[in-house]
Amino acid sequence: MNEATLDSPESRVRTPVAKIPLAKVLLALIRREFWEHRQLWMVPLILFTLVLIGALFIRVIADNTGLHLDPFPWRSAGQAANLTPEQSNVGVAMLMLLDWGMTTPLFIAVSIVIFFYLLQSLFDERKDRSILFWKSLPVSDGTTVASKLLVGIVIVPIGVFLLAMLDHLLISAVVTARIAVGPSHQYPLLWDTLAWVKTEVLLFYSVLVTMLWVFPIAAYLMLTSAAARRNVFLWAILPPVLVSLVELPFGTHFFSQVVLRWVPGLWGVWGRWGEGQSPSIITTNDGAQLPYLPSTFDDVNLVGSLSDSRLWIGLVVGGVLTYCAVRIRRYRDDT
Amino acid sequence: MTPDTEAVIDAKGLTKSYGAHRALNGVSFKVGAGRIVGLIGPNGAGKTTALKAVLGLTSFDGDLQVLGWDPRGQRDDLMSDVCFIADVAVLPRWMRVSQAVDFVASVHPRFERSRAEAFLKKTDIRMRSRVRELSKGMVTQLHLALILAINARLLVLDEPTLGLDLIYRRQFYDTLLNDYFTDERTIFLTTHQVEEIENLLTDVLFINHGNMVLDSSVEELAARFVQVTVAPANVAQARALKPFYEREIFGRTAMIFEGRPQAELAALGELRTPSIADLFVAKIQGGAA
């Protein structure tokens, strides 16, 4: 009497069907994460726009004493009229720093968003019991956890990198245009395409190393998310703090050194470019020192970064923690 | 192989403890293909634990085969042929109806999108709505639409109509029977609203305190159990035949006998086959007395 029963459903339950390829399932799961956690794409897009608006209004002043980029206190060397090659390098350095600096809030804000996303990732589905719906579908716990981890530490960071890169182009264009129509034409903010490419590759490299470096932290957050009964935030924060406190009477700082300095340790890994030497510095006429990002790129030592034993220990620890999170999601039954 | 001889669920000695509490105490049962089996028991009897074991959602001791798979180790394979509604409220509240259909379509190889959409068209549910905007009854309809469009061999339902009003409950079971059930599909469900599914079931399993107290097909029940409305004069004589349950209704005594020939009982009063609800009360209370 209705179309659903007309064509013999008996045959349908037994007809073998092809498995859906893992890649397709993963894609569906990843899309689901962006449906559920809209902050993952909304925050980056809002900040992307804010940064651009900022580029329209940021005060760039050139006067006798030099160049002022408010609110950035950087100051370059004086007389714009007679630029030496060093000074044009200063102009390029300034522009790259302006680009990089203006998109820093994007990365900071998204890191915070990702932190809370990972904490919620396996917790909310238990709280609202929707895990029982997800588990009624032929998707393994491993695939589910992997999709959330991928979103948190690969897809969103790379997406934000791409947005930042676009922002850099647009900021440079806007600022250059403003300078062109502004009162002071010979202005030492200079576009250099090769310098831009190098700066972006450097940024991408930093994002890449960061992704690997924070993997154990992300896995720890997911494990907390899978394990905590309530107040997942406290469960994530307390154990590292407590263990560090317990260490105090013994006069050791092993744990706090390892864990609490993990993120700052990242700078150490980045610093592997040119062992011990900080990013290349340009000195301006009035003695101000500016990091010159494009030449920092020249010093990048990818092999050095990747051969840091802490990175590999971190990856192994992260793998173990992820495995634990998968097992807990698979076997826990308190919903 | 005919559907009747093949067990869709084959459980032997299922045991599960939560601390000191034994939720399942060596329970064994079989569910044949093409049956609609009700797992019936009071709250805390072990129904949900048994279902969770079947669905691979909990650990347990004992042997369990579901469609030939072990739900503990082969859950991912199992879930292509089994679908379940654990609770109507579990659809994620943030999800749009269209997203739910898209998602299931992209991860389930046996999902027929057109059937889900056809079913939804008959309801007031709009594709743009989010689950949190739907009434509880509509959420059930949506979940049913998703599940019925999956060509699964086994459907497991855990108190699927809990908290729904009568209209939606009736609709739910009607849809299940008319649009879904076939000889090759099997439905295994728990409920404590026994009256509503009496006419639907082909088999009943009564569970109490983690033990199976009755395992029978509905046809067998009529042969096995007789309820006699005993005239006051015959009460003593009737009690001598050892009813396992009796209760007073309007001054007459209703007794339920198991395994007594009808001829022997006919003299005592009016005979009828007890309803599943009556039997349930009798088994659970009578068993304790």
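This is a predicted model: local features need pLDDT of at least 70, side-chain atom pairs count only at pLDDT 80 or more; totals for chains, interfaces and linings use all residues.
Residues are numbered from 1 along each chain as its sequence is written, and chains are lettered from A, ligands numbered from 1, in the order in which they are written.

**Exercise 1. The chain interface**

Task: find which element of chain B gives the most to the side that touches chain A.

Step 1. Count the contacts. 36 residues of chain B are in contact with 32 residues of chain A. Contact means C-beta atoms, placed from the backbone, within 7 Å.

Step 2. List the elements. β5 (82–85), α3 and α4 (113–121) of chain B each supply at least two residues. Helices (H or I, at least four residues) and strands (E, at least two) are DSSP runs, numbered from the N terminus.

Step 3. Pick the top one. α3(B) gives the most, with five residues.

Step 4. Sort this side of chain B by type. It holds 17 nonpolar, eight polar and eleven charged residues. Ala, Val, Leu, Ile, Met, Phe, Trp, Tyr, Cys and Pro count as nonpolar; Asp, Glu, Lys and Arg as charged; the others, Gly among them, as polar.

**Exercise 2. A helix pair across the interface**

Task: describe how α3(A) and α3(B) run relative to each other.

Step 1. Take the axes. Those of α3 (residues 22–36) of chain A and α3 (residues 97–107) of chain B come within 8 Å and cross at roughly 160 degrees. Axes are lines fitted to C-alpha atoms, for helices over the stretch in contact, and angles run from 0 to 180 degrees between N-to-C directions.

Step 2. Classify the angle. The two helices are therefore roughly antiparallel; the cut-off for that is over 145 degrees.

Step 3. Name the residues. α3(A) uses K24(A), V25(A), A28(A), R32(A) and W35(A), and α3(B) uses Q99(B), F103(B), S106(B) and V107(B). They divide into five nonpolar, two polar and two charged.

**Exercise 3. A sheet in chain B**

Task: work out which strands stand at the edges of the open sheet.

Step 1. Write the order. Three strands of chain B run β2-β1-β4, with antiparallel pairing. Strands pair if DSSP finds at least two bridges between them.

Step 2. Read off the edges. β2 (21–32) and β4 (61–66) of chain B each have a single partner strand, so one side of each lacks a neighbour in the sheet.

Step 3. Check one pairing. Nine bridges join β1 (residues 7–18) of chain B to β2(B). D10(B) has K30(B) as its bridge partner in β2(B).

Step 4. α1 (residues 47–54) of chain B lies across β1, β2 and β4 of chain B, at about 120 degrees to β1(B).

Note on methods: Angles under 35 degrees count as roughly parallel, over 145 as roughly antiparallel, 65 to 115 as roughly perpendicular and the rest as oblique. Two residues are in contact if their C-beta atoms, placed from the backbone, lie within 7 Å.
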